[in-house]
Structure formats: C-alpha cells, structure tokens
Amino acid sequence: MIKSIQELEQIRKKALEELEFRKQQGEGIRVVVGMATCGIAAGARPVMLKFVEEIQKRNLQNVTVVQTGCIGLCKYEPIVEVYEPNKEKVTYVKMTPEKVSRVVAEHIVNGKPVYEYTIGYEEAKEANK
C-alpha cells in the first residue's frame, strides 16, 4: 500500500525508467496472456508461466510477457496474443503449457506462426463440423 506522495513519485520514476529502457531496447515481441477470471479458470496461469520459462531458458532479450484482462472470446481461453513490430497480431487460442514450447520455437524464434493453434484455424474447424 502506498503511504506517501514520495512513494508514489518513486514508483512513477521507476516506471518511467523502465519505459525508457524499453524504448532504448527497441520494439520487441510482446506476448500478451488473457488473465481475466475466464482465462484463469481455463488454465491461463500455467500457460503464462510456461512462456516466461521458455523465454528465460532461451535467453530471449527482445520478448516480454505481460498479462491483460478479458480478451473477449471466453470460449477460446486460454488466449495468447503475440505482437511483433510491423506485423499483424497473432491470436492463439485454447493454449496449453505443452503448446507453448512450439509457439516459442516456431513463431517467436523463427518468425513462423503456428497456424493450427490460432483463432482463424479454430473457427474454420468449428465451421466445418
């Protein structure tokens, strides 16, 4: 709990320093995991932890993993969005920790999205039922 204006100012200063550091690093890849109640109930927490583990294991300096609230497609949770500079966002659905290693290896490291884990592939599969 913040107890004074000075503490709040220190938090602001630290956040601005981190933001400046990110700017200096250039735009990297951002992995966003939906961690609203629906995501957590579907297993988003182990998915996020696996992304962090894989990225640390591979020492990928230009990748950040962040969490967000509800992405709005609860039936496809856990949902992960991957943002790369100058590319369209890729939305992975029904993610599991087992799928994370492949997404990191193929998409984040080699730049080739794993289409069978994406929302477009999943919607086409449901439409053909």
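Let's start with helix α3. It has 14 residues and reaches 20 Å from its first C-alpha to its last, close to the 20 Å expected at 1.5 Å a residue. That expected span is 1.5 Å times one less than the number of residues. Helices here are DSSP runs of H or I with at least four residues, strands are E runs of at least two, and both are numbered from the N terminus.

A word on the source. This is a predicted model, where local features need pLDDT of at least 70, side-chain atom pairs count only at pLDDT 80 or more, and totals for chains, interfaces and linings use all residues. Residues are numbered from 1 along each chain as its sequence is written, and side-chain values use heavy atoms, with hydrogens and water left out.

Back to α3. Which of its residues are buried? Ala 44, Val 47, Met 48, Phe 51, Glu 54 and Ile 55. Seen down the axis of α3, these buried residues fall within an arc of 130°, so they line one face of the helix. The arc is taken from the directions from the helix axis to the C-beta atoms. Buried means under 20% relative accessible area, exposed means over 50%, and partly exposed is in between, with a 1.4 Å probe and protein chains only. The face turned away from the buried side carries exposed Leu 49, Gln 56 and Lys 57.

What do the buried residues of α3 pack against? The partners are β1, α2 (37-42), β2, β3 and α4. Contact means heavy atoms within 4.5 Å.

Just after α3 comes Asn 59, with a positive phi of about 55°. Asn 59 sits in the loop between α3 and β2. Asn 59 is exposed, at a relative accessible area of 51%. Most residues other than glycine have a negative phi, and most peptide bonds are trans.

Now the loop between β2 and β3, where Pro 78 lies. A cis peptide bond joins Glu 77 and Pro 78, with omega at about -5°.

Lys 94 is not a glycine, yet its phi is positive, about 50°.

Where is the kink in α4 centred? On Val 103, with a bend of about 35°. The bend at a residue is the angle between axes fitted to the seven residues ending there and the seven starting there.

The buried residues of α4 are Val 100, Val 103, Val 104, His 107 and Ile 108. They pack against β1 (29-34), α3 (44-57), β2 (63-68), β3 (80-83) and β4 (90-92). Just after α4, Gly 111 takes a positive phi of about 75°.

Lys 99 also lies in α4. Leaving aside neighbours within four places in sequence, Lys 99 is in contact with Val 93, Lys 94 and Tyr 117.

Last, charges over rings. The cut-offs are NZ of Lys or CZ of Arg within 6 Å of the ring centre and within 35 degrees of the ring normal. Arg 30 lies over the face of Tyr 83, 4.6 Å from the ring centre. The charged end of Arg 102 sits over the ring of Tyr 117, 5.4 Å from its centre.
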